[in-house]
Amino acid sequence: GEDWGNPGIDNEGEDFGSIVSQDEPEPTNQPSLMEPTQKPTSRPTIDLMSHLEDLKGSYFCSVSWDTIDCENAKPCPSGNSKDCPKKQQCFSGAPCAKEDS
């Protein structure tokens, strides 16, 4: 018969509670390559209004973010899709921000 009384032991008496995966790397004492998270500050680290103003240059109209035609896309600095042609929306972070000349 099967012994279900101890979940760590199957009916053949094998102990599965101490199996260690052979695929996992050994832990090391090497420092992490990732930078530690910075501690919060009592003051902002950027000028938020300036940052938002800079973002306005990255708003463009398109059917989808992935299909923005940088040469012909209409800017929509308001961030409002009502400023775009029909069937298009205003997308932020477009990779084709217009350069000031």
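Among contacts in the protein chain between residues at least 6 apart in sequence, what percentage join residues at least 24 apart? In this predicted model, the share is 50%.

**Figure 1. The protein chain as a whole contains 1 helix and 2 strands.** Along the sequence these elements come in the order α-β-β. The protein chain has 101 residues, and 13% of them are buried. Its accessible surface amounts to about 9,400 Å². Carbon and sulfur atoms account for 51% of that surface.

**Figure 2. A nonpolar patch lies on the surface and is formed by Ile 46, Leu 48, Met 49, Leu 52 and Leu 55.** Together these residues have about 480 Å² of accessible area. One of them, Leu 52, belongs to helix 1, which covers residues 48-55. The relative accessible area of Leu 52 is 41%. Buried means under 20% and exposed means over 50%, so Leu 52 is classed as partly exposed.

**Figure 3. A disulfide connects Cys 61 and Cys 84.** The distance from S to S is 2.1 Å. Cys 61 sits in strand 1 (residues 60-62), while Cys 84 sits in the loop between strand 1 and strand 2 (89-91). The two cysteines are 23 residues apart, and the pair links distant parts of the chain. The torsion about their S-S bond is about -80°, and therefore this disulfide is left-handed. Is Cys 61 buried or exposed, and what about Cys 84? Cys 61 and Cys 84 are both buried.

**Figure 4. A disulfide also connects Cys 76 and Cys 90.** Here the distance from S to S is 2.0 Å. Cys 76 is in the loop between strand 1 and strand 2, and Cys 90 is in strand 2, so the bond ties together parts that are 14 residues apart in sequence. Why is the disulfide of Cys 76 and Cys 90 called right-handed? The torsion about the S-S bond is about 95°, so the disulfide is right-handed. Cys 76 and Cys 90 are each buried. When bonded cysteines are counted along the chain, the disulfides follow the pattern 1-3, 2-4. A further cysteine, Cys 70, has a relative accessibility of 27%. Cys 70 therefore counts as partly exposed, whereas Cys 76 and Cys 90 are buried.

**Figure 5. The side chain of Ser 58 has a polar atom 3.0 Å from the backbone nitrogen of Gly 93.** Ser 58 is placed in the loop between helix 1 and strand 1. Its relative accessibility is 10%. Since buried means under 20%, Ser 58 counts as buried.

**Figure 6. The side chain of Ser 62 reaches the backbone oxygen of Ser 64.** The distance is 2.9 Å. Ser 62 is part of strand 1. Which residues does Ser 62 touch, not counting residues up to four places away in sequence? They are Thr 67, Ile 68, Gln 88, Gln 89 and Phe 91. Ser 62 has a relative accessibility of 4%, so this serine counts as buried.

**Figure 7. Lys 82 is in the loop between strand 1 and strand 2.** At a relative accessibility of 74%, Lys 82 counts as exposed. Along the chain, Lys 82 and Cys 61 are 21 residues apart. Their C-alpha atoms are separated by 9.8 Å.

**Figure 8. Lys 87 has a positive phi, near 70°.** Lys 87 is a residue other than glycine. Most residues other than glycine have a negative phi. Where does Lys 87 lie? Lys 87 is found in the loop between strand 1 and strand 2. The relative accessible area of Lys 87 is 79%, so this lysine is exposed.

Methods
Residues numbered from 1 in each chain as written. Predicted model: local features only at pLDDT ≥ 70, side-chain atom pairs only at ≥ 80, totals over all residues. Heavy atoms only, no water. Patch = residues over 30% accessible without salt bridge, like charges linked within 9 Å, V, L, I, M, F, W, Y side chains within 5 Å. Areas by Shrake-Rupley, 256 points an atom, 1.4 Å probe, with all protein chains shown as cover. Salt bridge = Lys/Arg side-chain N within 4 Å of Asp/Glu carboxyl O. Helix = DSSP H or I, 4+ residues; strand = E, 2+ residues; numbered from the N terminus. Buried < 20%, exposed > 50% of the residue type's maximum accessible area, 1.4 Å probe, protein only. Disulfide = S-S within 2.5 Å. Contact = heavy atoms within 4.5 Å. Polar contact = N/O pair within 3.5 Å; in protein donor to acceptor, adjacent residues only side chain to side chain.
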